[in-house]
Amino acid sequence: MRPIKLTLEGFTSFRRRQTLDFSDLDLFVITGATGAGKSSLLDAMTYALYGKVPRKSSINELVSQGATELKVEFQFSIQQTEYQVVRSWRYRPSTPVTRCLLSKRQGEQWERCDRAVKIEHLIRMDFDTFTRVIILPQGQFDEFLKGNATKRRELLRQLAGFEIFEKMRKEARDRAKTAGNERQWIEGQIESLQVPTEAEMREKQAQQEALESEIPQLKKAADDAQKLLDEEERLLAQIQRYAELQKELTELEQQAPKIESLQQQLQDAQAANTLQADWKLLQEARKQAKKAENALKATAKKLTQAQTELETQQQQYESIKTQQAEIKKQLAVREGNLIKAKAYEEQRQQYEQELTQTSQTLKSKEKQLAKAEKELKSAQTKEEVAREQLATASETLAQFSTGGARLEKLNQVAPFLTQWDAMNKTAQTARKKWEKALKERQKAESNCDKATSQHQQTEAIFHTARTALQEAEAVNTIATQHNHADALRASLQPGEMCSVCGGVYPEAHQLPPLSKSVEVDIALLQESTTDAEQAYHQAATALTKAQTKLEALQQQESEYQQDWENHESELTQCQAEISAVLETEKWEISALKQEHQTLTESHSQYQDALALQAKTANELEKLEQTSKFAQTSHAAALEELQGTRQDFERREGNLQDIQAKLHQLTEGQSYETLYKALEQDKQDAEHQLKTAEESYQKMNKQAMQAEEAAKQVTETVESTRTRREQLEAQWEVASQSVNFSEERFQEVQVTPAQQEEWERAIADYNNKHVELSSYIKEVTRSIGDRKTSEDILEQRRQAMSAADANAQQASSQQAELSTEIKIALDKQKQAQKFLKQHSTLAEEEQIYHTLSQKLKSDEFQDYLLENLQAELVERATVLLQELTDSRYTLKIQDGEYWVEDNWNGGETRRVRTLSGGETFATSLSMALALSEKLSMGVELGSLFLDEGFGTLDAETLESVTQILRSLGQQDRLIGVITHLRALAEQLPTQVKVHKSPEGSRLVVEAL
């Protein structure tokens, strides 16, 4: 993965949008003050790819202070294919909005990738691997090399990500504990289930079948009893209903007088309703007539007042018109004088502007002349310096010579010299490994012989002990039999039955006495045999281990021998290629390297001197032309300055003449002041006349409006008075037709709601009377001549209750049996399920317990760490030789790190004794080795070193710079993050991070 471009906004200290282009960078440094945001650039790349960063646990910590959103765009390439990932975050009160878009370049366009494409799969690294492989923990490796064994082991665990094994052990322990708890819980559940037996199940099923055949008969008897009860209840309810209806009809007929009164009131109100329209029109006409008479009085008063004010305004308007005629004559005289002053003022402004322009031109010409003089002097000085530099370059060129054909041959063999040196060291290392394996194999053969002898000895001892034990057990068996026979003889009496043979023991029969047998104590023999057997098995195990180790060492010895022979063959071939190029068998590595270095430096110095001579001659020619051009420019500038100065003096005299004329006409006042005063006086006069005229016109309009209003109100009064008289006559006729006076009409009026209420009461009475009469006839016809009583009804209830109780009891018993059978079956299934889970959990508990114990032991991790450390040392040695010109070889002995100095005859010394630059190279080699190991073969297109340089002196700084330059020549992007200005100034490109209140910003400078 190689970065191309990074754009971030609202990310940590980068408030505003900033872009870092990596496309033209190979080796560069990111520098800036502490807290400016150097490491935030790496965090931004990591966040864009994985959505998280190592140093922050929450996205809120990445957003710039006070910001509500952040956005990171990151372009990168993988195997000549460019990708772009855009990841953004925006605050929202409920749930923040996070978006991620991955695109792939197709020609000049970006094509969105399918959602199934994961960045981890493209890069072939997960988050933890990326942060360990791309961002090297340089400072931690320096501490790793110089720390003690315990601290080194812990650091290596962290750097390699071995914390996963501790997490696995804890997870296995927790799972074993969980499985054990669940297993114990299941055991308790099985005990609490109390699963019934098969006999109990068969008995309950037989009871259930008997009830299922009996229940239908019981239910039929209950239904018949219920029907008889229902008939008696309906008859009794009808008899009771008949009595209630008779009572309701009697109570209803008692309300008849009240209903008749309501009907009379309703008729009067309905008659009054017919007069409502005439009454409303009469009332409205009376109101309008009174309102019109009041309006006539107010209008007459306003008309008199408006006519008086109109006469006053007319007198004022005539007076102001007379005054304005005199003022206009005075303003005309002032305006004539001002026109003349305007013409002079325009000439003055024009002369003044021309004089200003000429003055600026004069200053510009003076500057041009000064610049031309300066350029002329500079060109002449540079020309003299260039002549001296050309002479110096020619002298320097004469001191050097080219490398010639010898340098060409040495250039051809230079790669072979480096290979031969490395191959020679590799062959020596392989030979030492073979010799060490040979010694270990011989030692293993001796150990195997000893184990074989020990095995044979313990086998013989075991067989002897076992034979002695068997013999003692046989003796004890015979002695036991004799003791039993003696006891039987002593217990038999003449005439008794023998329990052994079944015969009758005779009185005269006497058996011969048995010989006495002594039992042997076999406890010591059993203990001896057990010890011998254990020793025999231990010896067999030791023999097997010794034989297995011997076979492995024999195979290792063969492999190391073959490896050593292969390296020797390669070394011989490389030596032959060097001799073929040099055309001689006599050569020595160090002499060839020294000669190659000398000739290369001399040839380089010659080429530099030759290039400098050509460059100096070219510059001298250019400076001669520049000097001639400067002389011409100086003469032209001097001539232009003299012409401009004469023009300035002429224009200055014209301006003085026009200013004198203007002052005589305006008496020292400016044209603008006089013009503004005249315009103001005109506006004041016009405004005064216009205001008087507007007041007069306004008052005249008001008087006319008042006169028109008085006329309209008079007409309205006559009209409303006539209409009122007509409506009063019409009302008199209508009220007499229904025999209503005006007072009676107002008394009988009620609201429509009240009338509706009376109508509903009358209708309800009539409807209810008809309804009750109909119900009584229907109930009488339904009852007929039938009779019943509460006693008869109670007898029916008791019969129904008894039948229903029998049916319910049988159904309840059947339901209980069904439930019990179902519960029993569920318990059986649940018990089987629990037993299966119990077996599975027991297996899981044992597996996780074993795994937890295995992972708890340090042997497994120690084995992995030991092998990882050996691989890192082997790979770091190759890298260290590349960085130190094959000088140092890294080794580990007795838990300590050493280096072998190949320039000092293979002298070894501890890593902690190295200088600052050498320590940096060693720790960087270890960091690169771990990076390559963790990348699992993925091609690394970029590396970043984040701080970890400490305080470097001048010599160490130079060494570190050379190492970084060498590292940058390996076709990958190298980024160094440091706050050390001295280191930053040594690298070819600087990415400077500047702090400011508005947010950090990036500046790229190439040295």
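# Close-up views of a predicted model

View 1. About 40 Å³ of space lies in the largest cavity. The model is predicted: local features need pLDDT of at least 70 and side-chain atom pairs count only at pLDDT 80 or more, while totals for chains, interfaces and linings use all residues. Residues are numbered from 1 along each chain as its sequence is written, and side-chain values use heavy atoms, with hydrogens and water left out. A search of the whole structure finds 1 cavity of 30 Å³ or more. Here a cavity is a set of points, on a 1 Å grid over the protein atoms alone, where a 1.4 Å probe fits but cannot get out; lining residues have an atom within 4 Å of a point. Grid points are joined across faces, edges and corners, and a volume is the space filled by probe spheres set on the points. The lining consists of Met1, Pro3, Leu42, Met45, Thr46, Phe130, Ile134, Ile135 and Phe944. Helix 1 (residues 38-50) gives the most to this lining, with 3 residues. Helices (H or I, at least four residues) and strands (E, at least two) are DSSP runs, numbered from the N terminus. By residue type, the lining of the largest cavity divides into 8 nonpolar, 1 polar and no charged. In this division Ala, Val, Leu, Ile, Met, Phe, Trp, Tyr, Cys and Pro count as nonpolar, Asp, Glu, Lys and Arg as charged, and the others, Gly among them, as polar.

**View 2. The aromatic pair of Phe11 and Tyr47.** The structure holds 6 aromatic pairs. Rings of Phe, Tyr and Trp (its six-membered ring) pair if their centres lie within 6.5 Å; planes under 30 degrees apart count as stacked, over 60 as edge-to-face and the rest as tilted. Phe11 and Tyr47 form a tilted pair, with 6.0 Å centre to centre and 45° between the planes. This pair links distant parts of the chain, 36 residues apart: Phe11 belongs to the loop between strand 1 (2-9) and strand 2 (18-21), and Tyr47 to helix 1. Both Phe11 and Tyr47 are buried; buried means under 20% relative accessible area, exposed over 50%, and partly exposed in between (1.4 Å probe, protein chains only). Elsewhere, ring pairs link Phe74, Phe76 and Tyr83 into a cluster.

View 3. Two strands pair if DSSP finds at least two bridges between them. Strand 6 (residues 97-106) and strand 7 run antiparallel and are joined by 4 bridges. Lys104 stands opposite Glu111 in strand 7.

View 4. Most residues other than glycine have a negative phi. Gln79, although not a glycine, has a positive phi of about 55°, and Gln80, also not a glycine, has a positive phi of about 65°. Gln79 is found in the loop between strand 4 (69-78) and strand 5 (81-90), and Gln80 lies in the loop between strand 4 and strand 5. Gln79 counts as exposed because its relative accessibility is 63%. Gln80 is exposed, with a relative accessible area of 79%.

View 5. Strand 10 (residues 896-901) pairs with strand 11 in the antiparallel sense over 4 bridges. In strand 11, Arg910 stands opposite Trp898, and Thr908 is the bridge partner of Glu900. Strand 10 and strand 11 form a hairpin with 5 residues between them, and Gly905 in the turn has a positive phi of about 70°.

Methods
1 Å grid on protein atoms, 1.4 Å probe; cavity = no way out; pocket = protein on both sides within 12 Å on 5 of 7 lines; lining within 4 Å.
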